[in-house]
Amino acid sequence: MRTLLYEYCATLLSMALIVSGCAIHSHNVKETKSAGSADSETHVESASEPADFRSKTADCTIPEGFTFAQFGPASPQVVAPESIVTTRSDATLIVDKDGGAYVEFNMELKNTGSAADTALVGYGWHKRMSGMQAPPTGIDFKAGEVKTCSHKSDQQIQQPFENEVHYVEVTIEPGVATNVIGGYKVTIARADKPETLFGFHDHFSRNWKNWDWPYTKATEYKNVVNVLKPFVGKFLTTPAVESRIILRGRDGVHWTRAMSHEQYVTKIRTPGAHAWNFTADQIPVHVEFEYLPGLDIQKELETFEKIVKANPNDLRARIRLADLELYGGDPDGRVRVIKKLLAVWEKNAKKQLLTGRNDVRGPAYVALVKSLLQLDKKDEARRFAKKGLNLLNSMNKKLEMNKLAASWLKNVAVR
């Protein structure tokens, strides 16, 4: 019954239609109290109004437990007593060639307690009162009345803001599981050049003042500079026993260029689609992605092959080529690219600003080992998994990127 319901609603939502996501990862709480201050300006939205229009009211309160961040794609937060468990969180991000996107979600909640209890399922957004922003639109929950509340900060502070929530109240009987289904439209930001490293944010990607990437000076780069402008974003997750996030183009076109946490990514049957699959102990705070409509991936592959051949020590060009080999090339070619990348890393990383949080050798070993497993080279995969583990033992173990890479590589090493 659950499968039929999900398939029906997913089909219905598919017919509907920056960077940074809305904050989720709210922990279960015992109560829902007001988070608004007495002197805050308040707004509330009636159930009959679209999500883009609000009317003022005096009785608006933001429930305790919601967290807030900038607009973007995300699974809903679940604010609930400990008796209500999020057993499954499914989401699909459907992207268009102009940066428009649609998030559709299906949250499965179960009441493990002995009495009926209520969960709040929704979103908390932090809106800056200055600068260009594209707020979500068409927010829809197929589980009752959608409540919206917002509070403005003191407008005299240096960076005034407005926090708002959109949520539904769901009462669940003891021992019962229920689904909360819905979706909304968002906009994904476009960059003027690649901004990820194995799918993870490049913390110096916009530091043009102090650093110009080597490959941007290559003659071959000039042939693609006007179209090599990918969309980049984050999808914030929700803690759940099991989670799945699908990234796909609306028309089934292969636009993907990078996805973080590659060890949890699988290709699915839907053309142009890939999915992250997580258990509760694996799920990161957010996943990152990059996609590029308008530039044939084979042309981009050929371009970066020439750039790397001309400058073998350009680490960012090699990383880009490794990602392109994943989505448009072959495992053999990818293995060669990554092995050379790791061989020349230490002599070039510091001057190319690829240290600290930008040291992505952990994800590089994940990519290499996964490619070797695709080629059924299990013994070699185990050897490189152990090498990667030894390296990660000397790196920052608190970084989520490194922690999750080490966990996965350890599983491969002991097979």
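# Close-up views of a predicted chain

Both Phe-66 and Tyr-167 are buried. They belong to a predicted model, and the legends below take that model region by region.

**View 1. Phe-66 and Tyr-167 form a tilted aromatic pair.** The ring centres are 5.6 Å apart, with 45° between the planes. Phe-66 lies in the loop between strand E2 (55-56) and strand E3 (77-79). Tyr-167 belongs to strand E9 (residues 161-172).

**View 2. Tyr-123 and Trp-125 form a stacked aromatic pair.** The centres stand 5.1 Å apart and the angle between the planes is 0°. Both Tyr-123 and Trp-125 are buried. Ring pairs also join Tyr-123 and Trp-125 to a cluster with Phe-71, Phe-105, Phe-141 and Tyr-184. The count for the chain is 14 aromatic pairs.

**View 3. The largest nonpolar core has 96 residues.** Which residues have the most contacts inside this core? They are Phe-141, Phe-198, Trp-276 and Leu-409. Phe-141 is also a member of the aromatic cluster with Tyr-123 and Trp-125. Leu-409 touches Tyr-365, Val-366, Val-369, Ala-385, Gly-388, Leu-389 and Leu-392, leaving aside residues up to four places away in sequence. A second, separate core has 8 residues. Among them are Cys-60 and Ile-62, along with Phe-66 and Tyr-167, the tilted pair of View 1. In soluble globular proteins, nonpolar side chains tend to be buried together.

**View 4. Seven strands form an open sheet with mixed pairing.** The strand order is E7-E10-E5-E4-E14-E17-E16. Strand E7 (137-141) and strand E16 (265-267) stand at the edges. Each has a single partner strand, so one side of each lacks a neighbour in the sheet. From one strand to the next, the twist averages 15°.

**View 5. Strand E14 (residues 242-249) runs antiparallel to strand E17 (residues 273-279).** The two strands are joined by 7 bridges. Glu-242 stands opposite Thr-279 in E17. Leu-247 has His-274 as its bridge partner in E17. Strand E17 is mostly covered, with 5 of its 7 residues buried.

**View 6. E16 and E17 form a hairpin.** The strands run antiparallel and are joined by 3 bridges. Val-265 stands opposite Trp-276 in E17. Trp-276 is also among the residues with the most contacts inside the largest nonpolar core. Between the two strands lie 5 residues. Gly-272, in the turn, has a positive phi of about 75°.

**View 7. His-261 and Asp-376 have positive phi values.** Most residues other than glycine have a negative phi. For His-261, phi is near 55°. This residue is found in the loop between strand E15 (256-259) and E16. For Asp-376, phi is near 65°. Asp-376 sits in the loop between helix H5 (361-374) and helix H6 (378-392). Which of the two is buried, and which is exposed? His-261 is buried because its relative accessible area is 3%, under the 20% limit. Asp-376 counts as exposed because its relative accessibility is 55%, over the 50% limit.

**View 8. Glu-104 is buried in strand E5 (residues 100-111).** Why does Glu-104 count as buried? Its relative accessible area is 6%, and the limit for buried is under 20%. Glu-104 and Pro-73 are 31 residues apart along the chain. Their C-alpha atoms are separated by 9.6 Å. Strand E5 stands between E10 and E4 in the order of the open sheet.

**View 9. Asn-348 is buried in helix H4 (residues 331-348).** Its relative accessibility is 6%. Asn-348 touches Asn-313 and Leu-315, not counting residues up to four places away in sequence.

**View 10. The whole chain gives the setting for the close-ups.** The secondary structure comes to 7 helices and 18 strands. Of the 415 residues, 52% count as buried. The accessible surface comes to about 19200 Å². Carbon and sulfur atoms account for 50% of that surface.

Terms used:
Residues are numbered from 1 along each chain as its sequence is written. This is a predicted model: local features need pLDDT of at least 70, side-chain atom pairs count only at pLDDT 80 or more; totals for chains, interfaces and linings use all residues. Side-chain values use heavy atoms; hydrogens and water are left out. Helices (H or I, at least four residues) and strands (E, at least two) are DSSP runs, numbered from the N terminus. Buried means under 20% relative accessible area, exposed over 50%, partly exposed in between (1.4 Å probe, protein chains only). Accessible areas come from the Shrake-Rupley method with a 1.4 Å probe; for residues, only the protein chains shown count as cover. Rings of Phe, Tyr and Trp (its six-membered ring) pair if their centres lie within 6.5 Å; planes under 30 degrees apart count as stacked, over 60 as edge-to-face and the rest as tilted. A nonpolar core is a set of buried Ala, Val, Leu, Ile, Met, Phe, Trp, Tyr and Cys residues joined through side-chain atoms within 4.5 Å. Contact means heavy atoms within 4.5 Å. Two strands pair if DSSP finds at least two bridges between them. Axes are lines fitted to C-alpha atoms, for helices over the stretch in contact, and angles run from 0 to 180 degrees between N-to-C directions.
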